[in-house]
Amino acid sequence: MAMTTVSLIIPLHKSRRGQQFTIHALPAGHVRILFLRLGISEGESAICAERLPGGTIVLKKKRQRIAVGYKLAKEILVRLEAA
Amino acid sequence: MSGSENLHERVPHLEKHRHRELDFLQRNLSIPKVVLVGNPNVGKSLLFNTLSDFYVDVSNFPGTTIQIQKTRYNGHDVFDTPGIYGVSSFNEEECVARDIILDADIVLNVVDGTHLERDLFLTQQLLDMGKKVTVLLNFMDEVKKLGIKIDTVRLANFLGVDVFAISAVEGVERETIDAAIRLAREGVQRKELHSVLHSKLTMVGSQAEALLVLEGDEVIAGRHGVRADDRREELYVDRRNRVNYMLNHVLEDSQERSWFSDTLGRWLLQPLTGIPALAVVLYAGYLLVGKLVAQDVVGFTEGVLGKGMWEPWIRGITSSFLDESSWLSVLLVGEFGVVTMTTTYLMFLLLPLVIAFYLALSVLEDSGYLPRLATMVDHVLGFLGLNGRAVIPLILGFGCVTSATITARVLGSERERTIATAILQFAIPCSAQMAVIAALLAGAGLGPVLIYTVVMTTVLVGVGTTLNFMMKGRPEPLLLDLPPLRLPTVRNVARKTWIRTIQFMKEASGWFLAGALVVGIAQMTGILRLAGKVLQPLTTRWLQLPPEASTAFIMGIVRRDFGAAGLYEMALSPMQVLVALVTITLFVPCIASLMVMMKERGFKEGLMIWAGTWVTAFLVGGIVSQVVI
């Protein structure tokens with residue numbers, strides 16, 4: 001019997017604290033470059049370190065913490081890793 | 001991709017033709033230029049501080065509002081640059097850093113040892129630019145504490161330049177810096193990149209500019225009359241992969257974290273704990289700036305030194321050659337004399353205040369608290385059309401609106417700067433005023449205090465939301481790298497405070513003087529009295545205050561505290577106090593603030609905002625008055 005892996009893809013602002021994910025899609029344009037500089041690109045993994053009421057997210061990647069405003073977080077898609 | 005490429009034969013490049021824009025650094029061609037480059041919060045400034053001892057030359061980079069610090073070290077000119085995540089032209093700081101880097105002879109790249117994944121990106125870009133670089137790996141004390149292992153020898157091999165492990169906090173030896181400068185050299189570039197850069201070289205004149213053009217930098221391309229390429233993303237992804245490869249071989253990190261700093265960070269971010277934390281911070285700030293300095297220290301400096309010693313002394317001097325009642329004497333040393341009042345105000349009232357709140361600001365900055373605060377309030381501030389970072393000038397405004405207006409420069413877009421400046425000028429009382437306001441309000445009772453707070457908050461929110469609605473565009477989305485929470489170092493805080501205070505005094509003093517002159521003349525020629533009379537009907541009927549209040553308002557234009565203090569002497573009922581304070585807080589900010597605003601935002605916008613405060617002050621004040629009196 002073939003095993004199917006189901007991956008859940010959600011917008012970043014819906015992630016919960018502690019969830020691990022890989023970046024699935026970044027919005028096109030300037031923002032992508034800014035993320036690249038900080039070490040975040042499609043395919044890289046990160047953790048949701050904080051979720052503030054309203055949807056502002058703090059990403060944690062290795063030792064870095066990056067705050068993402070909720071408007072931006074809405075446009076970023078991440079693939080949750082199965083716990 | 002090979003990890004240890006042979007350094008191929010170095011052909012001397014046709015580098016270094018000069019642009020007029022770079023004249024800033026050109027003053028003496030024979031002095032080598034060393035530039036400190038690094039991400040924000042890597043300890044560049046502390047290192048620069050170590051090099052500079054006392055001699056620091058601070059000046060504006062031409063055509064910008066960014067300040068560049070320069071010092072002399074061992075026959076070199078050493079420049080500090082604004083912290084950047086990459087070299088390009090995305091905002092003013094990057095443009096300034098880019099130009100300084102382009103013209104640098106030697107680059108000292110300061111890297112945060114606890115954030116190699118992020119910082120090495122800039123390092124690699126500097127190497128791709130063909131600059132002579134030495135890497136200073138900073139925060140090694142923290143690296144050790146956190147159990148991170150970095151193979152600096154291997155890293156140096158990969159990069160092709162020397163890597164010195166330092167801890168700026170614990171101190172850096174001169175020999176280390178000397179060696180870093182001496183050994184700076186070009187690093188390793190990918191062969192393919194190197195040949196592409198070479199081919200572009202003839203068109204733009206230096207490897208660095210060639211790389212920037214390749215990445216799509218329109219400004220640099222424009223300088224040479226060529227078209228910018230569009231390979232930025234490709235080059236960035238490639239650079240990212242290269243850095244990741246290096247890291248895999250060089251970095252061992254068990255990700256041990258400090259539970260304390262993690263938890264504290266969370267408390268500061270989450271509103272449930274973060275808002276009380278903010279209240280504590282603000283209260284501490286109030287105790288320092290509002291009470292200790294604004295009342296006690298200033299009580300001494302203004303009362304004893306200023307009015308008690310300086311003013312009588314200078315009057316003694318002028319009276320020996322000027323008739324006391326002559327217009328010149330009154331203008332210079334009269335009650336609102338330019339020499340007496342302005343000097344007292346600037347040196348004995350404003351200076352201690354400004355030092356105090358820049359001190360507070362520097363401590364908050366260096367601790368890493370401010371970006372977390374900005375993150376916490378970002379969502380709410382969005383309704384006002386502002387990015388979370390705007391919280392900083394807004395809070396600063398309670399210290400001094402003039403200085404906060406200057407600080408609003410750091411906001412990302414013109415739109416946000418306008419909104420923030422408007423809110424500052426309309427609704428935020430400065431510390432000079434606040435002492436008097438607090439005293440008067442306290443005397444008036446709890447009711448007025450509550451109503452005052454509610455009214456002010458409503459106006460603040462109202463101004464922000466209205467402007468947000470009226471102006472096109474959206475606030476810049478929040479994308480902030482949160483620095484680790486650290487204990488500020490005394491030396492860095494002292495230095496920052498000092499430099500900012502000097503900058504502020506330089507920018508604002510002239511305007512206070514001008515304002516005092518205008519008021520002095522207006523008083524002598526009777527214009528002041530006339531203005532008061534014109535306002536009177538409005539004051540007595542609409543605001544329902546005694547006629548002298550209009551004089552207090554006019555005085556408030558020069559010195560905000562004068563305006564508020566003028567109310568002290570009048571017999572006012574508690575509700576009248578409320579109305580007067582609401583009006584005076586909303587009323588125009590001091591003349592220096594107006595001038596600085598016009599300088600920052602332009603004459604038209606400044607004038608509109610100023611006129612707006614007149615209208616709002618009397619409108620809201622009147623409404624409150626009609627309702628409660």
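The paragraphs below go through the interface between chains A and B, then the sheet that the two chains share, then a sheet within chain B.

This is a predicted model, in which local features need pLDDT of at least 70 and side-chain atom pairs count only at pLDDT 80 or more, while totals for chains, interfaces and linings use all residues. Residues are numbered from 1 along each chain as its sequence is written, chains are lettered from A and ligands numbered from 1 in the order in which they are written, and side-chain values use heavy atoms, with hydrogens and water left out.

Contact here means heavy atoms within 4.5 Å. On that basis, 31 residues of chain A are in contact with 39 residues of chain B. The area buried between the two chains is about 3300 Å², and carbon and sulfur atoms give 57% of it; buried area is the accessible area (1.4 Å probe) that two parts lose on being put together, summed over both. Of the area that chain B buries against chain A, 19% is supplied by Arg257(B), His379(B) and Leu479(B), more than by any other three residues.

Between chain B and chain A there are 5 salt bridges, a salt bridge being a side-chain nitrogen of Lys or Arg within 4 Å of a carboxyl oxygen of Asp or Glu. One of them joins Arg65(A) to Asp262(B), with the closest N and O atoms 3.6 Å apart. On the chain B side, two or more residues come from each of α3 (116-128), α10 (232-250), α11 (259-269), α15 (369-383) and β10 (479-482). These helices (H or I, at least four residues) and strands (E, at least two) are DSSP runs, numbered from the N terminus. The largest share, 6 residues, is that of α10(B). By type, the chain B side divides into 16 nonpolar, 9 polar and 14 charged residues. In this division Ala, Val, Leu, Ile, Met, Phe, Trp, Tyr, Cys and Pro count as nonpolar, Asp, Glu, Lys and Arg as charged, and the others, Gly among them, as polar.

Strand β10(B) also takes part in a sheet with chain A. Strands of a sheet pair through backbone hydrogen bonds, either parallel or antiparallel; two strands are taken to pair if DSSP finds at least two bridges between them. Strand β5 (residues 64-68) of chain A runs antiparallel to β10(B), joined by 4 bridges, and Ala67(A) stands opposite Leu480(B). The open sheet has 7 strands with antiparallel pairing, in the order β1(A)-β6(A)-β2(A)-β3(A)-β4(A)-β5(A)-β10(B). Its edge strands are β1 (8-11) of chain A and β10 of chain B. The twist averages 40 degrees from one strand to the next. Helix α1 (residues 30-38) of chain A lies across β5(A) and β10(B), at about 10 degrees to β10(B); axes are lines fitted to C-alpha atoms, for helices over the stretch in contact, and angles run from 0 to 180 degrees between N-to-C directions.

Chain B has an open sheet of 7 strands with mixed pairing, in the order β2-β3-β4-β1-β5-β6-β8. Its edges are β2 (57-60) and β8 (163-165), and the twist averages 25 degrees from one strand to the next. Strands β1 (residues 33-38) and β4 (residues 76-80) of chain B pair in the parallel sense over 4 bridges, with Lys33(B) opposite Asp77(B). Helix α1 (residues 44-52) of chain B packs on this sheet, its direction making about 150 degrees with that of β4(B).
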